[in-house]
Amino acid sequence: MDDLTDVYNELIMEHSMNSYNKKKLEKADYSEIGHNPNCGDEITLELKLNGDIIEDMAFSGHGCAISQASTSIMIDTLKGKTMEEAKEIIKTFIAMIKREITDEEELQKLEDAIAFKNVSHMPARVKCALLAWHTIEDILNQKEKEKENGK
Ligand code: ZN
């Protein structure tokens, strides 16, 4: 047993062991690799947009339970959201992990991703929990740039 015991709640266990989000999309608009060398986590995140809405997402890869579960739960949370809504949720999640936001009410918008709140007390696990969220941030920033360039 280690200090992770209290974050291994049922939800995280479920998503880390057998995630239905771990698959390949038939037609992804974006694919981005996220890598956390501290722990050896590596994920490939795929995203399909429908206009401004995140229509579908999936991931592949390997890593610790926290990184895999965080990726899967992030997908559940952001699927069906607009890019603007997604950005707000991503910002809130990162702020929660960095303990910049602790207000429960504000954290409600994270839906199931609130399960990672305790990770904020485990410095060694912070990068694992944030990996997928930084990876999708990269994709959304890339998308924004394309828009600016009139693509
Ligand atoms: Zn990890």
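How many aromatic pairs does the count come to? The points below begin with that matter and then turn to helix packing, individual loop residues and confidence.

1. The model is a predicted one, and by the rule applied here the count of aromatic pairs comes to 2. Ring pairs join Phe93, Phe116 and Trp133 into a cluster. A pair of aromatic rings is described by the distance of the centres and the angle of the planes, and both values are given for each pair below.

2. The pair of Phe93 and Phe116 is edge-to-face, with 6.1 Å from centre to centre and 70° between the planes. Distant parts of the chain are linked by this pair: Phe93 belongs to helix α3 (residues 83-97), whereas Phe116 sits in the loop between α4 (104-107) and α5, 23 residues apart. Are Phe93 and Phe116 buried or exposed? Phe93 is buried, and Phe116 is buried as well.

3. Phe93 also pairs with Trp133, and here the arrangement is stacked, at 3.8 Å centre to centre with 5° between the planes. Because Phe93 lies in helix α3 and Trp133 in helix α5, the pair ties together parts that are 40 residues apart in sequence. Phe93 and Trp133 are both buried.

4. The axes of helix α2 (residues 65-78) and helix α5 (residues 123-148) come within 8 Å and cross at roughly 35°. The crossing of α2 and α5 is right-handed. On the α2 side, the contact is made by Ile66, Ser67, Ser70, Thr71, Met74 and Leu78; on the α5 side, by Arg125, Cys128, Ala129, Ala132, Trp133 and Ile136. Sorted by class, the residues of this contact are 8 nonpolar, 3 polar and 1 charged.

5. Gly63 is located in the loop between β3 (53-62) and α2. Which residues is Gly63 in contact with, leaving aside its neighbours within four places in sequence? They are Gly40, Asp41 and Gln68. Glu42 is 21 residues from Gly63 in sequence, yet the two are 6.1 Å apart in space, C-alpha to C-alpha. Gly63 counts as partly exposed because its relative accessibility is 37%.

6. With a relative accessibility of 48%, Arg99 counts as partly exposed.

7. Is Glu111 buried or partly exposed? Its relative accessibility is 40%, so Glu111 counts as partly exposed, whereas Phe116 is buried.

8. Lastly, confidence. The protein chain averages a pLDDT of 92, and 94% of the residues score at least 70. Where does pLDDT stay under 50? This applies over residues 1-5, for which the model has 4 contacts beyond four places in sequence.

Definitions and conventions: Residues numbered from 1 in each chain as written. Predicted model: local features only at pLDDT ≥ 70, side-chain atom pairs only at ≥ 80, totals over all residues. Heavy atoms only, no water. Axes fitted to C-alpha atoms, helices over the stretch in contact; angles between N-to-C directions. Helix = DSSP H or I, 4+ residues; strand = E, 2+ residues; numbered from the N terminus. Left-handed = near helix turned anticlockwise from the far one by under 90°. Contact = heavy atoms within 4.5 Å. Nonpolar A, V, L, I, M, F, W, Y, C, P; charged D, E, K, R; others polar. pLDDT = per-residue confidence, 0-100. Phe/Tyr/Trp six-rings, centres within 6.5 Å; stacked < 30°, edge-to-face > 60°. Buried < 20%, exposed > 50% of the residue type's maximum accessible area, 1.4 Å probe, protein only.
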